[in-house]
Amino acid sequence: MFRCAWCMKKIGDNEPLHAINVKFNEWIDYSDKEGEIVQVYLNSRQTSVPMIVTTADSEAKKHGQDGLFAVCTKKCGEKMKNTLEKEMDMFKGYSDME
Ligand SMILES: [Zn+2]
């Protein structure tokens with residue numbers, strides 16, 4: 001069960017999952033948390049949101065993605081991306097999950 005990283009709504013297993021892939025800056029190391037959900041503090045929102053850490057052997061990692069934020073709708077995804085724009089000390093980049 002995931003929670004939307006924007007509005008915290010629960011996302012059911014049978015609901016379509018939208019996600020934003022992110023790439024961390026070098027100073028962020030979650031290598032001991034692979035495959036886990038970690039809480040990431042977003043300064044611009046003054047709160048922590050759940051993020052899934054990509055595992056080293058996954059397809060996503062091969063494409064240079066270090067983590068992902070699950071969101072319930074594309075709308076929440078857009079808002080999340082606007083926030084990530086302000087958190088560029090943490091993230092090098094982001095993209096919609098294909
Ligand atoms: Zn949402």
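**Close-up views of a predicted model**

**View 1. The surroundings of tryptophan 27 in the predicted model.** Once its neighbours within four places in sequence are left aside, tryptophan 27 is in contact with Asp89 and Met90. The structure shown here is a predicted model, and this applies to every view that follows. Is tryptophan 27 buried or exposed? Its relative accessibility is 57%, and because a residue counts as exposed when that value is over 50%, tryptophan 27 is classed as exposed.

**View 2. Strand E3 and its two partners.** How many residues of strand E3 (residues 18-24) are buried? Of its 7 residues, 5 are buried, so that the strand is mostly covered, where buried means under 20% relative accessible area. E3 pairs with strand E6 (residues 67-71) in the antiparallel sense over 5 bridges, and isoleucine 20 has phenylalanine 69 in E6 as its bridge partner. E3 is also joined to E7 by 5 bridges, again in an antiparallel arrangement, with tyrosine 94 in E7 as the bridge partner of valine 22.

View 3. The closest N and O atoms of lysine 92 and glutamate 26, which form a salt bridge, are 2.8 Å apart. This pair links distant parts of the chain, since lysine 92 belongs to strand E7 and glutamate 26 to the loop between E3 and E4, 66 residues apart. Lysine 92 is partly exposed at 42% relative accessibility, whereas glutamate 26, at 63%, is exposed.

View 4. Because lysine 81 lies in helix H2 (residues 74-85) and aspartate 96 in strand E7, the pair ties together parts that are 15 residues apart in sequence. Lysine 81 is buried, with a relative accessible area of 12%, while aspartate 96 is partly exposed at 41%. Salt bridges that share partners also join Lys23, Lys61 and Asp66 into one network. Within it, the side chains of lysine 61 and aspartate 66 meet at 3.1 Å, N to O; lysine 61 is partly exposed at 31% relative accessible area, but aspartate 66 is buried at 9%.

**View 5. A nonpolar patch on the surface.** Which residues form this nonpolar patch? They are Phe2, Leu17, Ile37 and Met97, which together have about 310 Å² of accessible area. Methionine 97 lies in the segment after E7 and is partly exposed, its relative accessible area being 35%.

Note on methods: Residues numbered from 1 in each chain as written. Predicted model: local features only at pLDDT ≥ 70, side-chain atom pairs only at ≥ 80, totals over all residues. Heavy atoms only, no water. Buried < 20%, exposed > 50% of the residue type's maximum accessible area, 1.4 Å probe, protein only. Helix = DSSP H or I, 4+ residues; strand = E, 2+ residues; numbered from the N terminus. Pairing = 2+ DSSP bridges. Patch = residues over 30% accessible without salt bridge, like charges linked within 9 Å, V, L, I, M, F, W, Y side chains within 5 Å. Areas by Shrake-Rupley, 256 points an atom, 1.4 Å probe, with all protein chains shown as cover. Salt bridge = Lys/Arg side-chain N within 4 Å of Asp/Glu carboxyl O. Contact = heavy atoms within 4.5 Å.
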